[in-house]
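Keep the sequence at hand.

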Amino acid sequence: MKKGKLVSLLGIALTSTIVLAACGGGSGSDKASDSASKDSSGKMAKKQELNLIESAEIPTMDSVMNTDTVGSIVMNNVFEGLYRQDLDNNPVLGMAAEEPKISDDKLTYTFKIRDDAKWSNGDPVTAGDFVFSWRRLVDPTTAAPYSYMMDGVIANASAVIAGEKQPDELGVKAVDDKTLEIQLERAVPYFKGLLSLAMYYPQNEKFVTEQGEKYASNSDALVYNGPFKLAAWDGTGLSWEYDKNDTYWDKDTVKLDKINVDVVKETSTALNLYDDGQIDRMVLTGEYVQTRQDDPDLKKFPTSSVFFLKFNQERNGKATPLANENIRKALSMAFDKQAYADTVLQNGSVPANGLVPAGLAKDPKNDKDFRKENGDLSKYDAKKAQEFWKKGLKELGVDKLDLEFLSDDTENAKRSSEFMQGQLEENLDGLKITLRNVPFKVRIDNNDKQDYDIQLSGWGADFSDPINFLELFETGNGNNKSGFSNEKYDSLLKEISTTSLTDPEKRWEQMLEAEKVLFDNGAIAPIYQRYWAVLEKPTVKDIGYHLVGADYSYKWTYLEDK
């Protein structure tokens, strides 16, 4: 599997949809009270109309074709899968009327679709709507970018995607209008978390068929089964609205009547709008965060995105100096992460000393966070870095090295590159770093061709399981592209994804061990876990902030009286 999202230093470049702090956790209750207001302290405002901005246009509203952040946010608020995330990032029932019946071998899930689930045109949401949408996703003729999210998960998905089987052979069927049966390829511990992602949403087959090529081309060419309906969107414009969906099964929980959204790409412009009271929240970038440190409206929220240095061990068919373990370990310890977070990022992001981010997943035995349990595996230590560096140079038979540093060409990425260049050259005698800053797409192309020495890279989770990060560096994984290969690591990952699936505690221990193996070999150098700095009016309550998947949920949001 190759699930997850490559991220840039400017923002999330690819995404799917969702964070579940403990996949499979939560009560799953369909009662709105289970996700009751967390911020409630006063009376609701008479006018429940929220004003927001987004950083980019909506590329598509076809949930099968979605790949981006903005589209994910919009879809999460106008559509709904079998589950959705609540304010605590736990999965709660959405279109599912109750928790599924699961076979003893954990390969068959049977869901009942709630009787009061309706599309905005009045049609009932049926099991067939899920079957239709999921088949569209894996059908090679659709060319859905995120079809791989079912690859190796739903029975026969891999064969359908490869064109070896027909879409109607996918392991999903409507037993009747309200009964959905799902066959898995193998037991998947995090399957429940996947079911709130955009690519797992249902689609109204009759409506999609009638619309043909016009489907999802504008807000009128869609039907909705979520808390809101999309309005005033022409398919390409810089503004849209969310209107409360009166056909939504849990409409009484939804307090907002309308959300107005405009695309504003310049932080300075957004800040003026915020200060003038024309918008209710906005994301700040580094230099602006610094000027607002004492602003009571400033909030900071974690994401699942972890950034790290990738070390390419083979370039143009030849081993690079980075194939030397001591050289890699020296580089990984030779930069001050806290200083980087404080002086370059300035947005609340925190140093990362491991690959798996904090807050992503918890031990099934004791509920302890993965990052806390596995501790710091790669810390800044200039003295040790110099020791490893000298050993590495001696083993290579040289007294100096020239290495290229590849990164994005955004302003933030350039500042990051310059910081790393200064730190590495200062702390490692005989090292010269040449910077190469290129557009995000070019960097990804260079990554795919392994045409780099050191690369500033990042990864964000689609689901809350450590394997989403650990599998990145498995031999043969399409996202590895660093030449790192370790037999013990591969063996652990194979067991984690096969024989240990039915033993959660054993699987967890193996994931802890695998991450340690990764750093025992100095495979990468973690830098930081991204946080967002946000200005938000004090009257805004209960926006759902999520670590994985769609960034925000507005189902429970409301405006408090001033």
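In this predicted model, four strands form an open sheet in the order β2-β11-β10-β9. The pairing is mixed. Strands of a sheet pair through backbone hydrogen bonds, and the pairs may be parallel or antiparallel. At the edges stand β2 (49–54) and β9 (228–231). Each has a single partner strand, so one side of each lacks a neighbour in the sheet. On average, neighbouring strands here are turned by 20° against each other, direction ignored.

Strand β2 runs parallel to β11 (residues 258–263), and six bridges join the two. Within this pair, N51 stands opposite N260 of β11.

Step back to the whole chain. The protein divides into domain 1 (49–260 + 537–543 + 554–559) and domain 2 (303–531). Taken over C-alpha atoms, the centres of domain 1 and domain 2 are 34 Å apart.

How do the domains meet? Eight residues of domain 1 are in contact with nine residues of domain 2. The size of an interface is often given as the accessible area lost when the parts come together. Domain 1 and domain 2 bury about 740 Å² between them. Carbon and sulfur atoms carry 69% of that area. On the domain 1 side, R186, P189 and Y190 lose the most area to domain 2, together 54% of what that side buries.

Definitions and conventions
Residues numbered from 1 in each chain as written. Predicted model: local features only at pLDDT ≥ 70, side-chain atom pairs only at ≥ 80, totals over all residues. Heavy atoms only, no water. Pairing = 2+ DSSP bridges. Axes fitted to C-alpha atoms, helices over the stretch in contact; angles between N-to-C directions. Domains from an automatic or database assignment. Contact = heavy atoms within 4.5 Å. Buried area = accessible area lost by both parts, 1.4 Å probe.
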